[in-house]
Amino acid sequence: MRGRLVAVLALVAAVAVSATAGGPAAMAKAKKVKPGTSFTVWVQTVDSCKQALPAAAYLLTGGGTTRTAEAPAGRKRTIVPTAACPLLHGNCAAVPVGCVSFTGLPAGTYTLTTTRTPPPDRTDPEGFAPCQGGSACRSQVATITVAASGAVQGAVTDVYPDGVSETFPSASSYFPGTPTDPVVFHDFGLAAPGFAPQCDGDSDADDHLTGNMRGHCGYPEADEAAACQPYPWSCATAAASPAAKP
């Protein structure tokens, strides 16, 4: 009887091991992506705090592909009512404001830029600059990689007015480009000098701000006269290319 019980337990263990070894392989086989399969990447524009912004336009390039998209007009809307700013991750499923999707993308690496920023409103009377850490970034560019499996990794790099760069989010939490966690652009609200605390206090081009500037808002004074017009942040959309920035 004891010998029979041992044999049964051995058989059960063998089946379990076989299932464990074959399970992931079977799953991988079931999830295997056919060659030529295309994928979708979602994008959302958010202000420097936690509100989704409408009506931005985007340019996606890469892999021989050039795509444009425009978010619908509307009013900005709070995504998550938290005290923390900036809100690093958006949510197009919960708040569709400012969202677009690029469908039918093959695996590859893409560059995404803003070609039109959201329009002015009461609290941001001069509109928005594509920038999170200052008055107007020299560039704001998203790099999006779509793997053959369909997995998406997206990150946005800002080059601030003083030349310092920062990438959102960290490598441990790249944007997956899904409806619930889209690739996020942060835009900084603009207003005339005196509307809010200024950057360097001389009421010129890099002082058209709202909110906190995080210490990187100042263009070198010698560069301001030669920067894109009407303000240096115009560079962030001119030609939609970082190479066009000062």
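Author: Let us begin with the term itself: a disulfide is a pair of cysteine sulfur atoms within 2.5 Å. The model shown here is predicted, and a search of the whole structure finds four disulfides.

Reader: Which handedness does the link of Cys 131 and Cys 137 have?

Author: The link of Cys 131 and Cys 137 is right-handed, with 65° about the S-S bond. The S to S distance in this disulfide is 2.1 Å.

Reader: Are Cys 131 and Cys 137 buried or exposed?

Author: A residue is called buried when its relative accessible area is under 20%. Cys 131 has a relative accessible area of 0%, so Cys 131 is buried. Cys 137 also counts as buried, because its relative accessibility is 0%.

Reader: What handedness is found for the link of Cys 92 and Cys 99?

Author: That link is left-handed, with -95° about the S-S bond. The sulfur atoms of Cys 92 and Cys 99 are joined at 2.1 Å. For burial, the cut-off already given applies: Cys 92 counts as buried at 7% relative accessibility, and Cys 99 counts as buried at 9%.

Reader: How far apart are the sulfur atoms of Cys 199 and Cys 217, and which parts does the pair tie together?

Author: The sulfur atoms of Cys 199 and Cys 217 are 2.0 Å apart, and the two residues form a disulfide. With 95° about the S-S bond, the link is right-handed. Cys 199 lies in the loop between strand 12 (183-189) and helix 2 (221-224), and Cys 217 lies in the loop between strand 12 and helix 2, so the pair ties together parts that are 18 residues apart in sequence.

Reader: How is the accessibility of Cys 199 and of Cys 217 to be read?

Author: Partly exposed is the term for values between the buried limit of under 20% and the exposed limit of over 50%. At 22% relative accessibility, Cys 199 is therefore partly exposed, whereas Cys 217, at 5%, counts as buried.

Reader: Let us turn to strands. In which sense do strand 3 and strand 4 pair?

Author: Two strands are taken as paired if at least two bridges are found between them. Strand 3 (residues 57-62) and strand 4 (residues 65-70) pair in the antiparallel sense, over six bridges. Ala 57 stands opposite Glu 70 in strand 4.

Reader: What is found at Gly 63 in the hairpin of strand 3 and strand 4?

Author: This hairpin has two residues between the strands, and Gly 63 takes a positive phi near 60°.

Methods
Residues numbered from 1 in each chain as written. Predicted model: local features only at pLDDT ≥ 70, side-chain atom pairs only at ≥ 80, totals over all residues. Heavy atoms only, no water. Buried < 20%, exposed > 50% of the residue type's maximum accessible area, 1.4 Å probe, protein only. Helix = DSSP H or I, 4+ residues; strand = E, 2+ residues; numbered from the N terminus.
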